[in-house]
4 protein chains.
Amino acid sequence: MIVIMEEVSDKKQVAVVESAIKKHGYKSNSIRFSSESIGTFPETGENAETLKELPGVKKVIEKEQNNRLARRETRQEDTIVQVGEEKIGDGNLTVIAGPCAVESEDQTMRIAEEVLESGAQILRGGAYKPRTSPYSFQGLGERGLAILAKVRDKTGLPIVTEALDPMTAPTVAEYSDMIQIGARNMQNFSLLETVGKLGKPVILKRGMSANLEEVLLAAEYIMSNGCSEVVVCERGIRTFSDHSRNTLDLGLIPVFKRVSHLPIIVDPSHASGVRENVLPLAYAALGVGADGIMVDVHDEPQKARVDGDQAILPAEFEQMMHHLRTLGNSIDIVVGCH
Amino acid sequence: MIVIMEEVSDKKQVAVVESAIKKHGYKSNSIRFSSESIGTFPETGENAETLKELPGVKKVIEKEQNNRLARRETRQEDTIVQVGEEKIGDGNLTVIAGPCAVESEDQTMRIAEEVLESGAQILRGGAYKPRTSPYSFQGLGERGLAILAKVRDKTGLPIVTEALDPMTAPTVAEYSDMIQIGARNMQNFSLLETVGKLGKPVILKRGMSANLEEVLLAAEYIMSNGCSEVVVCERGIRTFSDHSRNTLDLGLIPVFKRVSHLPIIVDPSHASGVRENVLPLAYAALGVGADGIMVDVHDEPQKARVDGDQAILPAEFEQMMHHLRTLGNSIDIVVGCH
Amino acid sequence: MIVIMEEVSDKKQVAVVESAIKKHGYKSNSIRFSSESIGTFPETGENAETLKELPGVKKVIEKEQNNRLARRETRQEDTIVQVGEEKIGDGNLTVIAGPCAVESEDQTMRIAEEVLESGAQILRGGAYKPRTSPYSFQGLGERGLAILAKVRDKTGLPIVTEALDPMTAPTVAEYSDMIQIGARNMQNFSLLETVGKLGKPVILKRGMSANLEEVLLAAEYIMSNGCSEVVVCERGIRTFSDHSRNTLDLGLIPVFKRVSHLPIIVDPSHASGVRENVLPLAYAALGVGADGIMVDVHDEPQKARVDGDQAILPAEFEQMMHHLRTLGNSIDIVVGCH
Amino acid sequence: MIVIMEEVSDKKQVAVVESAIKKHGYKSNSIRFSSESIGTFPETGENAETLKELPGVKKVIEKEQNNRLARRETRQEDTIVQVGEEKIGDGNLTVIAGPCAVESEDQTMRIAEEVLESGAQILRGGAYKPRTSPYSFQGLGERGLAILAKVRDKTGLPIVTEALDPMTAPTVAEYSDMIQIGARNMQNFSLLETVGKLGKPVILKRGMSANLEEVLLAAEYIMSNGCSEVVVCERGIRTFSDHSRNTLDLGLIPVFKRVSHLPIIVDPSHASGVRENVLPLAYAALGVGADGIMVDVHDEPQKARVDGDQAILPAEFEQMMHHLRTLGNSIDIVVGCH
């Protein structure tokens with residue numbers, strides 16, 4: 001059951017509804033979209049009617065489908081996610097760029113300045129890196145977060161970085177402007193619940209073998225813990241097709257936008273696995289209607305400690321931005337920094 | 001072994017080379033690109049040296065890889081396929097449109113006129129339809145071909161239609177300007193061989209579970225039988241992802257263009273299976289660098305005998321062409337009729 | 001619509017029903033199971049009632065599902081397919097073995113004698129080979145068929161061999177006891193229709209990306225052309241899993257046996273692609289309830305012209321038969337020759 | 001780099017080697033197999049030579065492949081994992097059975113007694129349940145663990161239960177005899193590291209889209225944290241094939257056993273998703289050479305709070321055990337309790 005409050009409803013009214021809910025034995029998690037409060041509750045009851053009549057309540061949605069906060073049925077208008085000064089989901093193309101991993105302050109600062117100059121709006125960079133092998137470089141950890149924060153302070157770029165587990169997620173939230181859930185963790189439910197409570201917007205990457213329903217329910221885990229600012233990211237799925245690391249499923253974008261009000265962005269770097277395909281897939285992402293792209297950029301990819309093969313050079317990023325802007329302008333889509 | 005002749009080489013020189021090849025016991029299949037003749041032969045011999053010295057021979061490529069006529073190593077420049085007055089692979093976006101199946105002269109004519117007016121360059125329409133069930137409508141057969149020919153005569157649109165088996169393929173070639181090999185037949189080798197000999201350009205659809213290498217080798221079957229004018233078509237692959245009928249693998253386009261000189265187009269209709277996704281995927285196809293798109297259009301999709309759900313309406317086609325032209329113009333790509 | 005005749009119905013009664021069907025404008029294809037005649041017709045009509053009352057008619061099944069002749073709803077009892085003296089589907093484990101390709105009379109005879117001695121019941125061997133590359137060995141063609149026939153005459157082993165296209169299928173039927181449709185041709189509908197009319201039992205291999213419904217409908221193509229003796233073969237599907245050539249989907253066996261009355265066998269050789277896995281997967285096939293197995297055997301696999309890596313040695317075949325017999329005996333399943 | 005100590009090496013010798021390793025700046029994690037100590041270290045150095053000469057060192061394996069502790073190259077003999085009195089990997093078929101989720105003491109006790117009587121050796125049951133939807137029953141948590149412990153005390157059956165996150169994993173370890181890592185958590189690296197340190201044997205389920213290399217590296221995460229007792233579990237992968245919930249990849253078993261010394265078991269319940277397929281797939285698992293099976297059993301599956309459709313009834317479990325024993329006896333494999 002979801003209770004949707006009137007846009008004008010004040011905090012007091014929300015509190016009354018929440019206490020009514022609790023009286024019936026349910027847990028109430030408030031979730032606040034830009035203009036509405038929504039509460040969601042694990043089990044539906046016979047109390048829907050009572051709640052409908054409380055002041056400020058706009059509608060009550062009975063449990064029909066498993067995934068609800070993330071669906072259009074619950075919220076018609078597109079959700080716009082705010083990260084620092086930047087907006088994701090407002091009809092333009094948000095550009096998130098940076099190194100796959102934070103390797104040093106110097107490296108991160110250099111790349112941040114390059115991508116900022118070309119028009120990136122948000123800086124990406126991993127401090128905690130999920131690695132297939134326990135013997136691979138696992139990221140700089142909190143030291144990496146501190147570097148990211150320093151780079152943000154100097155460049156003004158808000159930062160998004162990955163949280164790997166519930167224990168370190170609060171630290172990630174402290175330093176960053178947006179938290180990323182990686183593809184391998186899309187169904188790490190403890191992590192989703194923790195991150196949902198940290199008060200920061202979230203990028204949720206689609207799992208390698210997740211179908212649409214599972215993506216929506218992973219978003220639901222985050223949202224039902226209080227976070228309304230979830231951005232889904234298509235980054236390629238695992239198929240038999242072996243010409244690229246993953247198969248970028250761009251057909252998901254229009255389908256997702258029909259069933260959900262959340263923004264959806266595309267990561268062409270992890271999908272292709274090789275530099276040469278990143279630019280064409282970024283253009284395709286604009287064409288298909290994505291709300292943003294997230295790309296790996298490195299100025300010395302041959303020395304990169306993680307995924308150097310897929311990182312594009314700053315000059316390629318500049319070229320990509322130019323081409324995206326040309327395409328975007330023609331159809332009134334702003335690409336990157338204004 | 002492949003023998004590539006000088007662009008200036010005349011038929012006599014080619015004949016001399018061919019007879020030298022035959023003398024060594026090999027079969028010689030001439031294949032003529034716009035400016036060169038190429039012969040390919042099942043097994044390599046110790047005779048490469050002798051052939052190299054014959055007049056008109058530019059180079060001799062020893063057997064190194066299985067797939068060769070289709071590869072960039074054999075031919076650096078992009079192959080441009082001519083269909084009627086239209087060119088596929090010249091850097092612009094060729095638009096092929098029409099009903100999935102030819103149902104009647106009236107229906108085909110109506111749709112042809114609509115898509116022509118909006119800028120389609122080639123008319124598609126199936127006369128022989130491969131159907132999963134033996135009890136489904138199997139197409140009008142030769143009667144359908146006659147309708148297509150009539151519509152071409154009236155509209156001037158060249159036609160592409162599917163050949164289903166080696167027996168009826170010659171009839172298909174007689175009526176049509178371009179022959180389509182469907183996804184289910186991508187490894188129907190007898191059909192590929194037959195079609196390779198019919199002297200018409202070919203659209204080869206990627207099989208539902210074909211990897212890049214298999215696509216290239218299927219093209220090789222056609223080419224090694226004498227046909228240099230092969231256009232590959234990405235139409236979605238079969239994966240676990242169930243939000244669409246197939247998963248459109250747009251990442252194939254830039255990879256294919258690096259390894260092959262053949263044009264590659266995209267069919268967003270069969271990939272998505274639903275009308276709503278066709279337009280966004282068509283825009284993505286332009287973005288990713290496809291040489292063309294092929295879309296199902298029907299003016300009464302609810303009555304269509306085959307795949308009505310994925311056919312877009314003429315008005316949607318018009319809207320798609322407008323949007324594609326806007327995007328295309330901005331990056332100097334001509335979309336559809338000039 | 002399917003008309004099922006009484007077991008006692010005579011040819012005359014069937015003829016009367018058929019002519020009644022034709023009078024209503026439908027095509028009638030008789031199909032004869034061991035004890036019943038079944039006619040199936042492309043479209044259902046309002047005439048079911050009339051047909052029900054004709055003498056000898058047991059029941060009339062209206063069109064409800066696409067695939068019908070192959071389904072349990074149409075025929076409760078298991079279909080037993082007879083090949084020479086051997087039976088497939090009688091509750092025991094039929095063993096089909098032989099070289100992937102017929103390379104010479106000597107090679108085929110040697111291997112046939114080896115597998116016969118170890119208990120194989122049917123000899124397999126390809127004369128027409130579907131090859132991914134046009135430059136690979138394509139089989140000996142009719143010469144290979146003649147070799148197979150000769151080996152059968154000498155050893156008494158009935159032979160199964162692949163038909164590649166509708167033109168050569170009749171020749172294949174002439175020489176062989178059972179016709180194989182390869183995985184790549186599972187949806188080569190012209191071939192299925194042709195083979196359905198040739199009066200020989202058929203092994204239909206599951207396509208690499210075919211789901212259950214498509215397998216049933218491919219069988220339906222063969223059956224609705226008059227052949228009731230279809231054996232389906234699971235040989236691995238294409239997935240992301242790269243430790244073997246294909247992923248053997250043994251879970252299909254019990255599901256298939258619930259929805260269809262046709263026998264289903266397993267080909268562990270093509271599934272695994274390497275010799276080492278063939279034996280364990282053959283034992284698994286027995287465990288899961290398959291009606292038979294088909295394995296590649298070669299006495300000089302390193303010299304084999306096709307798929308030598310997956311062919312087991314005669315000694316391994318002997319060991320496999322011994323182990324299968326031990327397992328089979330314990331649960332009253334006869335393995336191979338009695 | 002891996003240092004393998006002599007079987008006779010004492011703790012002091014191990015300590016000397018470890019301190020030598022630390023002196024070179026590496027982290028040393030001791031792992032103790034039945035007879036040897038193995039240390040593994042994140043980065044290789046130039047110090048291999050020095051280490052080789054220390055007393056008790058048998059061999060030093062330089063970094064060649066990413067995954068090492070889990071590989072045959074490191075340890076030739078099969079690892080046997082001890083759980084309570086039971087052994088997994090000793091050549092027999094270990095049977096793990098129980099309800100998918102612990103729902104109540106009564107339910108768990110009843111089912112435990114039933115499966116024990118039929119010959120199960122280890123009791124399974126989830127207290128913490130990973131659920132696709134946040135609104136589904138999430139398990140009884142620690143209360144469920146307490147029930148399991150009580151049931152173990154009464155029946156003598158050792159228990160295996162899932163750990164969902166690093167915070168609750170120590171509690172799981174306290175109550176249980178073996179910890180399960182679920183398929184969705186196969187690459188939850190923080191969880192793997194935590195569980196590796198808890199001193200309990202581990203069942204590691206293959207991720208839905210994990211290839212062999214990734215499974216081995218996930219095992220490596222656990223092992224490199226000190227746990228040598230890892231059992232891998234094949235439970236089906238995600239493919240296009242839609243007749244069952246997942247596609248059981250039994251071909252993995254013989255391949256895995258060639259490259260790794262760890263035991264591998266099969267979960268036919270989660271693979272098939274329906275009760276009817278569980279028994280045949282269990283027999284196939286025995287045939288293919290698995291070291292054990294793990295099956296869901298429920299006496300009131302229609303009331304089960306999780307996955308009731310795939311749970312077999314106690315009577316079916318009894319029938320399965322009987323059939324497995326018959327097959328197993330014939331080839332000298334002991335099935336379940338002795």
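## A guided tour of the chain interfaces and salt bridges

Begin by selecting Glu213(A), which is found in helix H7 of chain A; helices (H or I, at least four residues) and strands (E, at least two) are DSSP runs, numbered from the N terminus. This is a predicted model, in which local features need pLDDT of at least 70 and side-chain atom pairs count only at pLDDT 80 or more, while totals for chains, interfaces and linings use all residues. Residues are numbered from 1 along each chain as its sequence is written, chains are lettered from A and ligands numbered from 1 in the order in which they are written, and side-chain values use heavy atoms, with hydrogens and water left out.

Glu213(A) is partly exposed, with a relative accessible area of 34%; buried means under 20% relative accessible area, exposed over 50%, and partly exposed in between (1.4 Å probe, protein chains only).

### Chain A and chain D

Next, display chains A and D together. The contact (heavy atoms within 4.5 Å) takes 35 residues from chain A and 35 residues from chain D. The area buried between them is about 2,900 Å², of which carbon and sulfur atoms give 51%; buried area is the accessible area (1.4 Å probe) that two parts lose on being put together, summed over both. In chain A, select Thr132(A), Tyr135(A) and Arg238(A), which lose the most area to chain D, together 25% of what that side buries.

Now look for charged pairs across this interface. Two salt bridges are found between chain A and chain D, a salt bridge being a side-chain nitrogen of Lys or Arg within 4 Å of a carboxyl oxygen of Asp or Glu. Select Glu214(A) and Arg238(D), whose side chains meet in a salt bridge (2.6 Å, N to O). Between chain A and chain D there are also 15 residue pairs in polar contact (both at pLDDT 80 or more). A polar contact is a pair of N or O atoms within 3.5 Å; within protein, one must be able to donate a hydrogen and the other to accept it, and residues adjacent in sequence count only if both atoms are side-chain atoms.

Colour helix H6 (189–196) and helix H7 (212–223) of chain A, each of which supplies at least two residues of the side that touches chain D. H7(A) gives the most to that side, with four residues.

How are the two copies related? A rotation of 180° with 0.0 Å of shift along its axis superposes chain A on chain D (RMSD 0.1 Å), the superposition being by least squares on the C-alpha atoms of residues with pLDDT of at least 70 in both. The two copies are thus related as by a two-fold rotation axis. To locate the axis from chain A, select Ser209(A), whose C-alpha is the nearest to the axis in that chain, 3.0 Å from it. Because 100% of the interface residues of chain A are also interface residues in chain D, the copies meet through the same surface.

### Chain B and chain A

Turn to chains B and A, where the contact takes 36 residues from chain B and 36 residues from chain A. The buried area here is about 2,800 Å², of which carbon and sulfur atoms give 69%. The count between chain B and chain A is zero salt bridges, while eight residue pairs are in polar contact (both at pLDDT 80 or more). On the chain B side, select helix H8 (252–259), helix H10 (275–288) and helix H11 (314–330), each supplying at least two residues. H10(B) gives the most to the side that touches chain A, with eight residues.

### Inside chain D

Select Asp267(D), in the loop between strand E13 (264–266) and helix H9 (268–272) of chain D. Asp267(D) is buried, with a relative accessible area of 0%. The side chain of Asp267(D) makes a polar contact with that of His270(D) (2.8 Å).

### Salt bridges within chains

The structure holds 68 salt bridges over all chains. In chain A, select Arg152(A) and Asp177(A), which form one with the closest N and O atoms 3.0 Å apart. Arg152(A) lies in helix H4 (residues 142–155) and Asp177(A) in the loop between helix H5 (169–175) and strand E10 (178–181), so the pair ties together parts that are 25 residues apart in sequence. Both Arg152(A) and Asp177(A) are buried.

Finally, select Glu300(D) and Arg110(D), whose side chains meet in a salt bridge (3.6 Å, N to O).
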